Amino acid sequence: MTIPAEVVRSASSTVATELTTESLLQLADRQIGAIHVKGYYPVDIAGEVAQKAISHQALGHYHKKHTSSVGRVYMPHIDTKWDPELTRQYHDAALPAIQDVRSMFHPYLSPVDRVRLELQELWPTGANLLRLRERACFVGAFRVFQPSTSEFFPHNDAIDQETDAPEIEGVLNQLVANIYLQVPDDGGNLQLWLREPTAEETAVILDVEGLDPKEIEEPVLQIHPEAGDLIIFSPRQLHAVTAGHGKHRVGAAAFIATKGPSEPLLFWS
């Protein structure tokens, strides 16, 4: 299938294997397609916390048609749906939720905290927690895919489609860091198209949060992560997760906004 001419510049299909200042800058500028660091987090700790996430009292589900099969622990910003009351609830719960997620890994450093610290050190101007209208955002969401029934259809994520808060002015790209706590042997693959959706595709995604995979071209990259792996890519570009079989697929995630190397990175979920 031919990719429409109006899509923005695609990323290279190169996948970096180390998290460095150079690889971060290349990813933010779409010179590479992803950063995949194998064995980033201890598998035994990851597996223990995956079980806690699967049974967590705050486990809910995304609200749109094609994402409703996927569980998430604590409300992500996308589910505020431009609603003032939901937005207030999200910010009220942000810091307590961060503390609760952190406590699930105690006495060890959580993988999202490790990413936050390392990006603060590696990015030329550091990194901070995102605040919208001066209110702290949550970061460190767990995503829980049920065996056989949960998947993400091809979609993209963009903070400017969720809020018009002044703090997002100047955002040039959006990254996402996923640390995999438990992954099925069969399925649960990350698919990357390395291009942004067209205007028509965007309208469908905003309505139901996903495109029919049969109606677009094959992905450029398909990665089967293993427990303990870190993968960072740009979710402003089309991506999907295939159904897994045999056991839950559980990951911890953080979105990362970049306004260029002269401004700090910003974290949220």
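A search of the whole structure finds 13 salt bridges. The model is predicted, with a mean pLDDT of 93 for the protein and 95% of residues at 70 or more. Colour by pLDDT and select residues 1–8: there the value stays under 50. The model gives this stretch 13 contacts beyond four places in sequence.

**Salt bridges within helices**

Select helix α3, residues 84–105. Glu85 and Arg88 sit in this helix three residues apart, which is about one turn. Their side chains form a salt bridge, with 2.5 Å between the closest N and O atoms. Glu85 is partly exposed at 37% relative accessible area, and Arg88 is partly exposed at 39%.

Move on to helix α4, residues 111–122. Here Glu118 and Arg114 make a salt bridge of 2.8 Å, N to O. The two are separated by about one helical turn because they are four residues apart in the helix. Arg114 has a relative accessibility of 27% and counts as partly exposed.

**A salt bridge between loops**

Next, select Glu196 and Arg236, which form a salt bridge with the closest N and O atoms 3.9 Å apart. Glu196 is in the loop between β12 and α5, and Arg236 is in the loop between β14 and β15, so the pair ties together parts that are 40 residues apart in sequence. Both Glu196 and Arg236 are buried.

**Strand β2 and its partners**

Select β2, residues 34–37. Ala34 and His36 point one way from the strand, Ile35 and Val37 point the other way, and all are buried. Now show β1, residues 15–16, which pairs with β2 in the parallel sense over two bridges. Ala16 has Ile35 of β2 as its bridge partner. With helix α1, residues 21–28, the strands β1 and β2 make a right-handed β-α-β unit.

Another partner of β2 is β14, residues 230–233; these strands run antiparallel and are joined by three bridges. Look for Val37, which stands opposite Leu230 of β14.

**His56**

Finish in the loop between α2 and β3, where His56 is found. Is His56 buried or exposed? His56 counts as buried because its relative accessible area is 13%, and the cut-off for buried is under 20%. Show the residues around it: beyond its neighbours within four places in sequence, His56 is in contact with Val73, Tyr74, Asp100 and Met104. The side chains of His56 and Asp100 are joined by a polar contact of 2.8 Å.

Methods: Residues numbered from 1 in each chain as written. Predicted model: local features only at pLDDT ≥ 70, side-chain atom pairs only at ≥ 80, totals over all residues. Heavy atoms only, no water. pLDDT = per-residue confidence, 0-100. Contact = heavy atoms within 4.5 Å. Buried < 20%, exposed > 50% of the residue type's maximum accessible area, 1.4 Å probe, protein only. Pairing = 2+ DSSP bridges. Right-handed = clockwise from strand over helix to strand, strands pointing away. Polar contact = N/O pair within 3.5 Å; in protein donor to acceptor, adjacent residues only side chain to side chain. Salt bridge = Lys/Arg side-chain N within 4 Å of Asp/Glu carboxyl O.
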